[in-house]
Amino acid sequence: MESFIATGLIGISLGTQYTLLALGFTLIFGILGVVNFAHGGFYVMGGYVAYYCNVILGLPYPVAVLMAMLSMAALGWLFEAFILERVIEDHQATLMVTMGFYLVMATAILMIFGAESPQFPFPVTGVWRLGGIYFPYANMIVLGACLAAIVFVYWLVYRTNIGRGMRAMSEDLPVASALGMRTKALFPFAFALATGLAGGTGALVTPILALAPHVGDSVLAFSFLTVILGGLGSVTGATCAAFIVGLIEAYAAVYLGGSKGALTLFALVLIILVVRPQGLLGREVRRS
Amino acid sequence: MTIGLGRLVCGSLLASAGFVGAVSACELKIGVPAVLSGPAAQWGIALRGATEFVAKETMEEKRLVINGVACTVSVKSIDSKYSAEGAASATSALAAEGIKVIIGPVGSPEVTGFKPVATRNRMVAMVNSFAKNSIGPEWPTVFHIGPGPSGWAAPIIDVGLQRYKFKTAAIVAPNDQGGTDIASVNADIFKQRGVTVTEEYYQRGTTNFAPIVTRIMASNAEALDLASSPAGDAGIIVKQIRQAGFTGPIFRLGGPGTDEIARVAGGLDILKDFLWYEPVYMDDNMRALEQKYEKLMGSVRPENSDFFRWTFAARMMIKAIQAAGTIDNAEKIAAAMRTLPVEDEHIGKGYWIGQKFFGINQEMSYPFAIGVIQGGVKQPLIRAEAVSEK
Amino acid sequence: MTTHSLSAGALHADRIAKSFGGLKVFHDVSFTVPAGGLLGVIGPNGAGKTTMINIFSGRLGLTSGQVMLGGTRIDGRSTFEIAMMGLVRSFQHTAIFNGHSVETNLLSALRFSRRDRSVLERLSPLLDQFGLIDNWQRNAEVMPYGLQKMLGLTMALATQPNMLLLDEPAAGLEKSERANIDTYVKFAREEFGCGILLVEHDMEIIKRLCPSVIVLDGGRLIAEGPPTDVLSQPHVINAYLGGSDEEDSDVTH
Amino acid sequence: MNNRVPKSLPAEIRPSLFSGHDWIALAIVCLTFVIPFTSTNPQVLSQTNLILIAATAALGVYIMQRLDLMSFAVPSFMAIGGYTVALLSMKLQLTDVFVLAAAAFLMPALCAIPLGALILRLKGVYFVLVTFVLTEIVQLLLFEAGPITGGSNGLVGMPAVKIFGMELWDNPHVLLTTCGLAFVSFIVTSVFTRWFRSEFAAIETNDVLAESLGLAAWKYKAMAFSVAAGVSGLAGFALVNMLLTAHPSSFAPMSSVNYITYTIVGGKASILGTLIGALLLVSATDYFALSGEMSPGLFGLLIIVVTMVARGGVVGVVSGLLYRLAGQSPPLKNGEQDLGVNGEKGQ
């Protein structure tokens, strides 16, 4: 029973991490119709920016996280406005461009920071324990940040004019532009919002796990899984799916073994896609 | 297309022209298929650094003289991408330049892709990889720079058993060749010593090891072996298993990288009780070698301590070439190598081994060291004698 | 196969009902289009007209009831099967193969329905009149909307159907172009003996062409008969006045 | 208006089966047969080998592009083909190249049928994602099915393949095998895609319309998926034959990105684009590998630049230029990229 609860807690921590990643990924897909292959790159780079600010420059950790978010938002804004925007009509071209950009980012990190992991500890250590059940304080903080991010994204998407504009665009771009929405300004903004989230996630999660140039690869695969499961473009779906993925991964890995966990997860997602292609909470398949 | 083909043909003509020129002037070109990108890049960087250093050393000190002419030595390194076909294509590219002498590659999949191509192109090579079939009678010109855990896991486990009491152990490794080969060897050695072992494998690319840690905790293991898990992964595993309340000793019977593991885990305190295989015993000799590198190359040596083993391997190759008196006949160089004693100016004497494990006596065995961290404090390395099969 | 086939016969909807989730869009609607006959369908937006065409053409399944084409039950079959049985639809918005010439478009229609080029010869007066021959090698996508629409309709006819489902053929056409629809419908009936179910908003066209219409409102059949009679019935007028503003959309749901 | 003389139907022009691009591509693949007999340079041999394998694998992407589907499943089917060959030659001592090639084609093609039934209903991004997940699953299965696939060690030590009882073992022979497999794949792909080009073009541009005209779209999708799988299987055979090893790392999920890149960067409109893309990018990868750590970044930069500058791929841009030089307008697309013509749709 204890290990069952412990596994549940692990699943929840995994879920928070995946939520933070999937929120940005799904925003970009929902609004721009773009599958962002570079998402993992923004995550890793956010981690390195935070590391640089916190460890090398000695800034306080929260400032470092903020810097990571802002710098990744800025980079995302530039990437969208100057590169992605030019091919936004053609979904295959956007795929190629984001894949290319990921390779460039990963290489840049490798060249600047080297291949080996630097020491980037989370400022809060310590673990809450109850018998065999434990939950590191760091994970609690990330859980808090995750909730804050969810609330923020909901507020932004459903309660502000910008959000209404973004949603209108995701429903019907020509109509939105006809209604005078400044799509050219909103696209980079939406993209920057998502990459900022990814950067912030990197800053929060890499000190708990590990920071190395290549850790973005698996982030991409899990963002894919989560978003497929939740339904592309659905914020609520992504949030639920992230926790489902986290829990399944945790329980499958604990009770079936490490590599079987991944297999279970992939197989499950494949089945869901076949049975319900729009995901758990997805809308009708978006015209792409 | 025609332009592309033209480029290829021209390139190859130029390459072969260069090769023809090379013979008369004695220009040795050493090929280095090294992983330079992705998670394993640090291994390749150590390999490349060592080979470049030995090339420069050989020239500066005129160590390679054939027919009275001091040879120039250059290094050509190509990214082998830690995959079978990456290594195969890198090796073919090296072959195209007429290169016959190879140092590398590092990883199991690379060596798998490398060997058929090297054999087809008659190359002599010093490879790494802990795979069970890294070398073998099928590949007579392929040598191994040093034993895998089959050679050194036993003495390290013995040190661990002296210091800590444990009857059960868990081994964690990635579920690919580089992981399973080593974990199974380690498991056998633990079992020989009466320790009950559970093996846990994870998918490469896993970022959060909490579920695997929970499994290990549930198995009531008293000791943990990280085997060949990449340093980054191993660091997270250590961090998370200590958070989960694991207090036993941790072994790292799969290669160097302790510094990186400590950085990722969050410091020596977290490692607490930790034992690992260190390729070399850091003594004055080794520090002299480090200084020599700095003086010659103008920078600090690559961080990964496999640098040392690659240096010994490259020097051995140069000696074999010198003894064979040819820079391009792989069979002759290999034959000469087999007759040479295993010895290096900095580390001293070693042995040829491998007959028992691989069926061919082409593995260099040098003294190594056992690293120990006890109670979060780094202890002096324990010098271990070279493993011998005699 | 004979072109004036009577064996394939009439299109008969028998108490068809359809709901999406809890939302019922059809309540036991029944009617018949006789072989070679012409029935108009009118109704306010959101009455379920396009949904009905989607059901007949096999894009949507039924909740209850059945659809018969001649003696064969067709609901639940796939679109191409139904098309091969002689029931072909047109689309409300331009439905052509973008980026291909007029010729390629028409040849594709022939190829997919396994007809030969002789059908094209028979269609040539129509093609000429619509101005499609003048644009024979032109990229259909960049032609004026009216031409694209007529091309789409002609493609449906090129498959030599027994029964045509026309989904608002006049929508989006200029007043001057609407006469083409009359020509088309007459040609299809006279030359090919085609039965037609004509969904249309343009009452002038309905009055000109249809001997008989049915009126749908909120998924119910509320009236049927000759257009002039039906349109003067008070509850039909009410339905139109009180009809929802929702666009009757082409979406599958 | 009605008084004018009625126009009659223009005469039918029967288009030839192959377009100019097809002929050029086939001729180039055919020409590679010369290389094993004239060159002994390992670099030329290996490079040609890699390019042909890459091009053959990318054909799997090309075929699915005819249906406007972007497939990440190529490595899965390559793995099925490659492992089939390795198992047949190691366990059953079947080494005849024709038998092995037939098996390498048929096995993946058969596996594709049930899979296709499951996933071909998906379109657009969903198809992309599901094929990506499929590749991940196949990769995991290769590891987990140890007794058959050799698990993480792969299957090592295949005997050399034979043609009419003659062993094909050295570098030129290996290339010869690859040339043969590539040639067969290019012929199969071009005949298949051109034979059914109206069907594919119709499904690509408007599958709903095509079905309403009586086209059984699923049949063509299933066929295309199956043939794409078969061709990928042949590429898997060539790769395994080159390495003499069937190893999971040869079929890594991320390698699908490469095959897609070859097709798109070369120009997805014609089979020539796939070949040119493979040629350019494999050469570029090889060239970049010399810059060590920088190589993935340079490759990424190249992808971005080509995608931004050369819409329609290298072949699309070059043939567009040639047409302009010749003062003609380019022919209507046969599945060529739609650059988004808006504003003509009325409403």
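Leaving out residues up to four places away in sequence, C:Asn180 touches C:Phe130 and C:Met150, where contact means heavy atoms within 4.5 Å. C:Asn180 is part of helix H6 (residues 179-192) of chain C; helices (H or I, at least four residues) and strands (E, at least two) are DSSP runs, numbered from the N terminus. With a relative accessibility of 18%, C:Asn180 counts as buried, a term for residues under 20% relative accessible area, as against exposed for those over 50% and partly exposed for those in between (1.4 Å probe, protein chains only).

The model is predicted: local features need pLDDT of at least 70, side-chain atom pairs count only at pLDDT 80 or more, and totals for chains, interfaces and linings use all residues. Residues are numbered from 1 along each chain as its sequence is written, chains are lettered from A and ligands numbered from 1 in the order in which they are written, and side-chain values use heavy atoms, with hydrogens and water left out.

A second residue, B:Leu94, belongs to helix H3 (residues 84-96) of chain B. B:Leu94 is buried, its relative accessible area being 0%. Beyond its neighbours within four places in sequence, B:Leu94 has contacts that include B:Gly31, B:Val32, B:Pro33 and B:Met123. B:Pro33 stands 61 residues from B:Leu94 along the chain, yet their C-alpha atoms are separated by 8.2 Å.

Two helices can be set beside the span expected of them, which is 1.5 Å times one less than the number of residues.

| Helix | Residues in helix | End-to-end C-alpha distance | Expected span |
|---|---|---|---|
| H2 (residues 39-56) of chain A | 18 residues | 25 Å | 26 Å |

In H5(C), 14 of the 14 residues are buried, so this helix is largely enclosed by the rest of the structure. H2(A) is mostly covered, with 14 of its 18 residues buried. Just after H5(C), C:Gln160 has a positive phi of about 55 degrees; A:Gly58, which follows H2(A), has a positive phi near 75 degrees.

In chain D, helix H11 (residues 255-266) and helix H14 (residues 313-325) pack at an angle of about 10 degrees, and their axes are 3 Å apart. The axes are lines fitted to C-alpha atoms, for helices over the stretch in contact, and angles run from 0 to 180 degrees between N-to-C directions. H11(D) is therefore roughly parallel to H14(D), the description for angles under 35 degrees. On the H11(D) side the contact is made by D:Ile264, D:Val265 and D:Gly266, and on the H14(D) side by D:Gly313, D:Val314, D:Val315 and D:Gly316.

Among the 5 pairs of chains in contact, chains C and D share the most contacts. Chains B and C are joined by no contact, and their closest C-alpha atoms lie 29 Å apart.

The complex receives an ipTM of 0.75 and a pTM of 0.79 from the predictor. For each residue, pLDDT is the predictor's confidence, from 0 to 100. Chain B has a mean pLDDT of 86, with 93% of its residues at 70 or more. Over residues 1-23 of chain B, however, the pLDDT is below 50. Chain C averages 81, and its pLDDT stays under 50 over residues 1-7 and over residues 243-253. Where pLDDT is low, the predicted coordinates should not be read in detail.

Conventions. Angles under 35 degrees count as roughly parallel, over 145 as roughly antiparallel, 65 to 115 as roughly perpendicular and the rest as oblique.
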